[in-house]
Structures are given as C-alpha cells and as structure tokens.
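Hi everyone, thanks for making time today.

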Amino acid sequence: MKTLLTHQRVQVNLLLVKLVAGAMGAPLIGGARAMVEREAGISRATLGLWVFVLGLVGSAVGLIGPTLAVRMRRTTAGRLGTAMLAMSCALLAIFRPEPGWVLAGLGAAWLINGVSGPLVATANGIFADIWAHAPRTGVILLHAVNAGGKVLAPLALLVFAGDLRMTALVFAVVTGVLAVEGWFWPRTSVDRLVAVEKQQDHGRKNHWPTRALVWVIGIQFMLISGAEAGVVSILGPLVEQLRPSPIEGLTAGQWARWMIVAHLMGIFVGRIVLTLASGRLSERWIIGLCLATGVAALPAVMAESAWVYGVSLFVLGWAFSATWPAFYALGARAFPSEKTFLALSAAFFSFVGASGGVAMSSAIGNTDARLPWAVVASTGMLGAFALFLWGTRSGRSLGREERCSAGGRGGGATGDVAWTPHAAESSQKG
C-alpha cells in the first residue's frame, strides 16, 4: 500500500493516458469509418489496407527505437509515447477527410499513433512494478480504464454529431496536458521505478531476448488485438447496413454507434468485474472465462431482433475484456527480466494485429452481404491464441511456477503468489 501511495501521481497520469489511448484506433475508426470512407471516396478494403500498412510501419518504429536506444527506461518511453499520442490526435483535428493530398495528414496521424502504441504500453511494466504485491490486478486495472476509453470514442462522436475533427481536438488537448505533466513526475518516483527496472535487468547482455518463447508470447497479442479490432472496426457498417434502427428519429449511423457503445461496454464491464475477481482467479481462469463468451458472435450477427443482437454484442465484448492484460501478467511473471521488452513487443504485435484485423475484416466485409462473416472471422482469431495457450507445450508451461508455489503453501490458491526471477525463469528451462 505504501508503494501505491508513493507513486500516486505516476499512476493517475498513466491511467488517464490509457483512457485516451483506448479511444484511439479501432474504436474511433469503427465509429467514424463510414463517414471517412464516404467523404474521402475510398472503399472499406482500401481503408483497411492503409490502416494495416501505416500501423505496421509505425508500431515497428515504436518497438525498435526504444529497444535499441541506450538505457531507454520504461518511465522515459511512456512519457515520450504520451507526447506522440497528443501529436496524432492533433493531426486528426487538423485534417478533414476528403479526396486528395489531405489524406496524407490522416495517414501521418495513424502512423504516429502506431509509434506511440509500444511506448505508451510500457505503462504495463510500470504498473506491474508498482503493484508488485498483485501484478495481474494492477495490469487488469490499467486495462479496465483503457476499456473505458474505448467507450468514450463512439460516445464523443455521438456528442459531436460524428465530427471526427472536434472529437480529436478534445483528445489532443487532454493528451497534451498529460504529456506536459508527465515530465514533472516526482523525482523520487522516477528514481525508484528506474532502480527496480535496473534490478530486473541485472545479468542481461543485450536488449533483444534470446529465448524464442519470449517472442512467441509477443506474437499472441497480435491474435488477441486483431480479433478485437476486426470486430469493432466492422461493427458500425454491419449494423448501419443490415440492422435498421428500431427507434424512430434515430438514424442508421447513430444506431450503429450505440451498438458499438454496447459492445465496448461489455469490454469495460468485463474488465471491472475481472479486476475485482483477479485476486481469486488465476490468469488462465480469467482468459478461459473471457474466451468462452466468444460464442456470442453467432447470435450477434445472425439475430434480427435488436434486443438479441444488442445483448449478444455486449456479451461478445467480454471475450476481449481481460484476455490481453491477464496474458501479459502471465508472460511478465514467467520472464520478469524481459518485462520491458514484453510491454514493447506486446504493443507492437497488438498494433500490427489490430491493423491486420481491420484490414482482414474490411476485405471480407467489402460487400454488405459478407459483413456478418467479417465479425465471425475476426472473433475466430481468438481460437488460434487458445490453441497456443492450451494446446502447445510452451503455452502450457506458462504459469507452472504459480502452481508449484500454490502447492507449496498447501492451499492451492489461485491468487497472486510470491516468486523470484530465478525460480520463474528456471521453470521455463524444464
């Protein structure tokens, strides 16, 4: 508890940053993409392709830069990422979607947003350090706030009548203030967090992990985020084109944004509930509970009743609620000396996956008749992740030290347990 109070300003800053970061990307695109496509004169598939290419390049820069930089610590990377996020929002506020060269401005915004992703994601490692007594609770809490940001994007678009520039302007002002405040974090907090990170890095000979499993863990975030982004980004066109508004006076576009809100509320509520339950459930149980709700994708796209598909979209949101943070906590606990790289690579592969998910769902749903298949195919990406975690020897080995520690205490509890870097990494060698 003393550690939490010591780093209170750092936590508040990072929580607010993740709140805004949650609104960027697929939630914002999902709520505004129909308007962007219409005003810019481009197809769904074309938009999805550019999202993928620019996201891949941007997130690669965000991963490689800090990894190769000398002594680029988590605290520095996180604050730099906030500044770049503010730049991305500012560009979205300046350039209006329309045919011609101005689209380069929107492309630059998405590119910079991609660079900021891995940098801002170092907050996962910082929170795991601050919440050392319960790391998965801290990380899931961070992502619960992030999920709240996802809900803000379509709500802001509803408030500003679908005006992307005004919505982005609000985000730019908020992130700009947070970026400035971040460089005035208490020196005591920064010094202590850097000291903890140096201790975890003790004995490392280079900045790139030599164990293949560390890279494989990172790749799984591509599947998790790709599934979520694919669903969220194509959900608006699906509802707008195939599910007429059941409320008189509510346009098809407005109804679609409310359905996106319902889906994102499922993600938000799921993370809140699982944050509260994380002290009693292991990471694997949390992930399993989330993935089980993926079956809601079928009634979400097949049902014609607004009540049925609305509730199904909310339940489907749970599939993406705590899967990402619980898996990060599992990987970081298994490889504590790679916590910074895991945060960077998780964000890199997440952004690549999100961009790829948007591209895939856009290509599949380029015609209205195939929009339901785009949602189902995107959700299906979670199946490949589940196959790794439970169907491979490497996946099953993650969390082994938790079971040993729990067994040693005699209770078999599934809460956060005491462990050491040596014991955690040794368990991977066996």
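Let me start with a definition: a salt bridge here is a side-chain nitrogen of Lys or Arg within 4 Å of a carboxyl oxygen of Asp or Glu. Before I use it, a word on where this comes from. This is a predicted model, in which local features need pLDDT of at least 70 and side-chain atom pairs count only at pLDDT 80 or more, while totals for chains, interfaces and linings use all residues. Residues are numbered from 1 along each chain as its sequence is written, and side-chain values use heavy atoms, with hydrogens and water left out.

Now the overall picture. The protein has 21 helices and zero strands; these are DSSP runs, H or I of at least four residues for helices and E of at least two for strands, numbered from the N terminus. Of its 430 residues, 58% are buried. For burial, I take under 20% relative accessible area as buried, over 50% as exposed, and anything in between as partly exposed, with a 1.4 Å probe and protein chains only. The accessible surface comes to about 17000 Å², and carbon and sulfur atoms account for 69% of that. Those areas are from the Shrake-Rupley method with a 1.4 Å probe, and for residues only the protein chains shown count as cover. As for contacts, meaning heavy atoms within 4.5 Å, take those between residues at least 6 apart in sequence: 83% of them join residues at least 24 apart.

Back to the charges. How many salt bridges does the structure hold? There are three. In one of them, Arg9 pairs with Glu181, and their closest N and O atoms are 2.8 Å apart. Arg9 sits in helix α2 (residues 8–23) and Glu181 in helix α9 (residues 164–182), so this pair ties together parts that are 172 residues apart in sequence. Both ends are partly exposed, Arg9 with a relative accessible area of 40% and Glu181 with 25%.

Another bridge joins Asp191 to Arg187, with 3.4 Å between the closest N and O atoms. This one stays within helix α10 (residues 187–200), where the two residues are four apart, about one turn of the helix. Asp191 is partly exposed at 41% relative accessibility, whereas Arg187 is exposed at 57%.

Then there is Glu283 with Arg333, whose side chains meet at 3.0 Å, N to O. This pair links distant parts of the chain, with Glu283 in helix α13 (residues 283–292) and Arg333 in helix α16 (residues 323–334), 50 residues apart. Are these two buried or exposed? Both Glu283 and Arg333 are buried.

Let's go to the nonpolar cores. By a nonpolar core I mean a set of buried Ala, Val, Leu, Ile, Met, Phe, Trp, Tyr and Cys residues joined through side-chain atoms within 4.5 Å. The largest has 67 residues, and the members that touch the most others are Ile217, Phe221, Phe327, Tyr328, Phe335, Phe385 and Leu398. Which helix gives this core its largest share? That is helix α11 (residues 212–242), with 13 residues. Leaving out residues up to four places away in sequence, Ile217 touches Phe327, Gly331, Phe335, Leu342 and Leu398. A second, separate core has 22 residues, among them Met84, Leu91, Ala109 and Ala156.

Leu316, in helix α15 (residues 306–317), has a relative accessible area of 0%. Beyond its sequence neighbours up to four places away, Leu316 touches residues including Val231, His263 and Thr379. Ser355 lies in helix α17 (residues 339–364) and is also buried, at 0% relative accessibility.

Last stop, the surface. Leu49, Trp50, Val53, Val57 and Val61 make a nonpolar patch of about 450 Å². Patches use residues with over 30% relative accessible area and no salt bridge, joining like charges within 9 Å and nonpolar side chains (Val, Leu, Ile, Met, Phe, Trp, Tyr) within 5 Å. Val53, one of the patch residues, belongs to helix α4 (residues 44–68) and is partly exposed at 34%. Over to you for questions!
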